[in-house]
Structure formats: C-alpha cells, structure tokens
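Dear colleague,

Please look through the model first and then read on.

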Amino acid sequence: MQKPRETVEWRPTGSPRAQLTRGYAAALAAAAFLSTTAIFIRHLTQTYALPPLVLAFWRDVFVVVTLLPVLGIGFPALLRVGKNDLRYLLGYGLSLALFNALWTLSVALNGAAVATVLVYCSAGFTVLLGWWLLKERLTWARLAAAGLSLAGCALVAGLFESGSLRLNAGGALAGILAGLLYAVYSLMGRQAAHRGLNPWTTLLYTFGFAGAFLLLANLLPGGPLPGSAQSGADFFTLGTALAGWAVLVLLAAVPTVGGFGLYNVSLSLLPSSVANLILTLEPVFTALTAYLLLNEQMTLMQALGSVVTLGGVVFLRLWEGRSGTA
C-alpha cells in the first residue's frame, strides 16, 4: 500500500538577525498591500449593494482561483499536505472565515477608516494571547509599541476629530470581534510556521476552507446571519456589471494574495505579536496612497498619527534588533 504523501516541510533560513530583517520587510510590504482592501470592500458594498458575507465568499474563491494554477504549475510540491496538517488548516480556515465575515461586515457598517482602526485592536490581543498561548515574550517594549500603534491608527482615521465617530452597537461589536479574530489568525499563522508549513501553502488551504465555510453560512435557510445572502440570486448581485467583477477579482488577486501571503511569510520569521504590530501601519499607508494617487490632503492629525504609528514600529524594531532576535 502506498504511503500517503506528507507535507513538504519548510523552515526559514539565515541568521536570526537576517530573519528579523526579512520578517520586518515582509510585514511592511503586507501592510502596504492590505491598506487598499477596505477601499475595495467599501466600493463594492456601497456601489453595488453586494452583501458583505457574499463579498467575503467571492473574495476567498478568487484567491484560490489565483493561487491554485500558480502553485500547481510552478510549485506542485506545495500542494501536498499531510492529514494532521490538513485538520489544522481546516480550523485555521474557520478562523479566517469568521475574521473575513466580521471584517467585511465592519467595513460595511462603520466605513473603511473606523473599521481599520477597530480591527487593529488585534495588536493588543495578539501581544497578550501570544504571551499566554505561544509563550512569546511579553516585554514593556511590545506593550508600548501596541499603545503607540493604536493611538496612531485612531489619529489617522480621525477618531478624535469632532463628529467623526458614529458607531452603532452592531458596528462596534463587529469591529472589535474582527480584531479578536485577526489576533487568532495571527497566532494560528505563527503555529503553522512552527509546523513547517510553507506560507503560500497555508494561504491556499486556509482561503479554500474559509470559502467553503462562508458558502455554508450564506446558504443557511432564511439568511439569518447579518450581511448574508437572502436568496440564491444574491450570489450574483453584480450580474453583468463587469467593472464590479473586475474590482472583486482585483481585490482577491492583488491586495489579498499579496497582503495575506506576505503576512504569512512574516509570521514564519517573527513572533505573531511583532508581525501584527507592524501591520498597524496599514492606515498610514492608506492615507499616504490617497495623498499620492488621489490628491487627498492629509490633515495635521493624520500626519501626527502617521508619525506616532511609524514611531512605534521603528522603536520596536530598534529594541528587538539589539539582541538580533525577536
């Protein structure tokens, strides 16, 4: 009887200092990619009234459609996963499905800026959960960086400006729970790296399983979940709107594959708490992109928030880099 094929084990190479540098670079690039996702989601939910959970489902489907041929043709060994790892990835996919659903719902209810800030309450969750569950070091530097990053995100989003904060109870709950699930996603990504799973293998399988879970959620009779499909027709809300489908495919193929893929790479090189803290630069990148490409002017508060957030990450990098390990 032929022995089942097991996962091709993957381990990062290089010195601890080199891994630290590569990890920061991957996390920074991930933040740049992910900074556009909320804008895409807001456009699709507002312009085409695409239900948030249907959008999340199609996003996961198109991630798999993008990655599967690339890995299948260029790197077929990365498609092989052992039974134990497959079970782990199933649970990982469930956490991603819950995060995607809550994040998309939060953007629809709160707007892109506020939703982005709320999801980065994950920075604090990840620091604490990483210390509790993965025995990552709980240092004052990481706690300070988490505080600076959260404060900077709030400034960039304009939460301290008069009349800017308009949250309902459902929107606030969705945003905070999305932050908690993002922390869980980060911890499971770090654990996947410890298991020797390649970051791109992890990305393919988690998004595949997440898409299956979201399909089931949308098919529940009567559409009991907020933002889910109320009928089969809701899956094709975009209809013949080719521009809408193009935006959806672009959302999956570029910022999602690039952002989550590089984030998975960073999780293989850095503690989950550090990688997640670096991703709090996402709102800064969003504001910078709007300034450079859309000619939107940054307010004084946004500029200050960018400096505060960036300062937290730079401070953490210098502190962690003193010993050459994270």
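**Cavities, a pocket and the core**

The count comes to two cavities of 30 Å³ or more, where a cavity is a set of points, on a 1 Å grid over the protein atoms alone, at which a 1.4 Å probe fits but cannot get out. Please keep in mind that this is a predicted model, in which local features need pLDDT of at least 70 and side-chain atom pairs count only at pLDDT 80 or more, while totals for chains, interfaces and linings use all residues. Residues are numbered from 1 along each chain as its sequence is written, and side-chain values use heavy atoms, with hydrogens and water left out.

The largest cavity holds about 80 Å³ of space, a volume being the space filled by probe spheres set on the grid points, which are joined across faces, edges and corners. Its lining (residues with an atom within 4 Å of a point) includes Thr37, Arg59, Trp103, Tyr182 and Glu282, and by class the lining has seven nonpolar, one polar and two charged residues.

Thr37 lies in helix α2, residues 37-47, helices being DSSP runs (H or I, at least four residues) numbered from the N terminus. Thr37 counts as buried because its relative accessibility is 2%, and buried means under 20% relative accessible area with a 1.4 Å probe, protein chains only. Leaving aside neighbours within four places in sequence, Thr37 is in contact (heavy atoms within 4.5 Å) with Arg59, Trp103, Leu251, Pro255 and Glu282.

The second largest cavity has about 50 Å³ of space, and among the residues lining it are Tyr92, Asn198, Thr202 and Ser268. Helix α8 (169-194) and helix α9 each supply at least two residues of this lining, with the largest share, three residues, coming from α8. The lining divides into five nonpolar, five polar and no charged residues.

The second largest pocket, a pocket being an open set of points with protein on both sides within 12 Å along at least five of seven lines, contains about 210 Å³ of space. Of the 13 residues that line this pocket, the closest to its centre are Leu53, Leu98, Ala101, Ala217 and Leu225. By class, its lining has 13 nonpolar, no polar and no charged residues, and α4 gives the most, with six residues.

With best wishes

Terms used
Buried < 20%, exposed > 50% of the residue type's maximum accessible area, 1.4 Å probe, protein only. Nonpolar A, V, L, I, M, F, W, Y, C, P; charged D, E, K, R; others polar.
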